[in-house]
Amino acid sequence: MYQDLQGRVVLSPTDLVQFLGCAHATELECRHLHIPRSEQNRAAPDPLVTSKGRRHEEAYRKHLQEQGKQIVEIAGRDA
């Protein structure tokens with residue numbers, strides 16, 4: 001991630017590779033130099049999208065179990 005050290009932007013090799021691969025991601029990272037992530041306004045999760053995502057995850061988990069795969073549950077923030 002970009003760093004602002006005493007008014008100078010410092011880039012890591014990973015930052016440079018990211019820039020070459022995705023200008024949009026670079027733009028988003030540059031914004032963090034001026035607006036720290038903790039201060040950014042974040043939209044509340046869309047309940048419809050969240051619900052659809054959880055149904056998809058459950059279906060995929062069931063699919064893996066039917067194939068005999070072992071599933072390990074890891075508690076998350078909303079568990």
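## Surface and confidence

The accessible surface of the chain comes to about 7,300 Å², and 56% of that belongs to carbon and sulfur atoms. Areas come from the Shrake-Rupley method with a 1.4 Å probe; for residues, only the protein chains shown count as cover. Of the 79 residues, 8% count as buried. Buried means under 20% relative accessible area, exposed means over 50%, and partly exposed lies in between (1.4 Å probe, protein chains only).

This is a predicted model: local features need pLDDT of at least 70, side-chain atom pairs count only at pLDDT 80 or more, and totals for chains, interfaces and linings use all residues. Residues are numbered from 1 along each chain as its sequence is written, and side-chain values use heavy atoms, with hydrogens and water left out. The predictor's confidence in each residue is its pLDDT, from 0 to 100. The chain averages 78, and 75% of the residues score at least 70.

## Fold outline

The chain has 3 helices and 2 strands. Along the sequence they follow the pattern β-β-α-α-α. Helices (H or I, at least four residues) and strands (E, at least two) are DSSP runs, numbered from the N terminus.

Strand β1 (residues 3–5) has the lowest mean pLDDT, 63. Helix α3 has the highest, 91.

## Helix α3 and its ends

Helix α3 spans residues 47–66. It has 20 residues and reaches 28 Å from its first C-alpha to its last. That is close to the 28 Å expected at 1.5 Å a residue. The expected span is 1.5 Å times one less than the number of residues.

Asp-46 caps the N-terminal end of α3. A side-chain oxygen of Asp-46 lies 2.8 Å from the backbone nitrogen of Leu-48. After the helix comes Gly-68, whose phi is positive, near 85°.

Ser-51 also sits in α3. Ser-51 is partly exposed, at 32% relative accessible area. A polar contact of 2.8 Å joins its side chain to that of Arg-55. Such a contact is a pair of N or O atoms within 3.5 Å; within protein, one must be able to donate a hydrogen and the other to accept it, and residues adjacent in sequence count only if both atoms are side-chain atoms.

## A salt-bridge network

Side chains of opposite charge can pair when their charged atoms come close. The structure holds 2 salt bridges. Each is a side-chain nitrogen of Lys or Arg within 4 Å of a carboxyl oxygen of Asp or Glu. Glu-58, Arg-61 and Glu-73 are linked in a network of these bridges.

Glu-58 pairs with Arg-61, the closest N and O atoms being 2.4 Å apart. Both lie in α3, 3 residues apart, about one turn of the helix. Glu-58 is partly exposed at 41%, and Arg-61 is partly exposed at 23%. Glu-73 also bridges to Arg-61, with closest N and O atoms 3.1 Å apart. Glu-73 lies in the segment after α3 and Arg-61 in the helix, so this pair ties together parts 12 residues apart in sequence. Glu-73 is exposed, at 56% relative accessible area.

## A nonpolar patch

Val-9, Leu-11 and Leu-16 make a nonpolar surface patch of about 260 Å². Patches are made of residues with over 30% relative accessible area and no salt bridge: like charges are joined within 9 Å, nonpolar side chains (Val, Leu, Ile, Met, Phe, Trp, Tyr) within 5 Å. Val-9 is in strand β2 (residues 8–10). Val-9 is partly exposed, with a relative accessible area of 49%.
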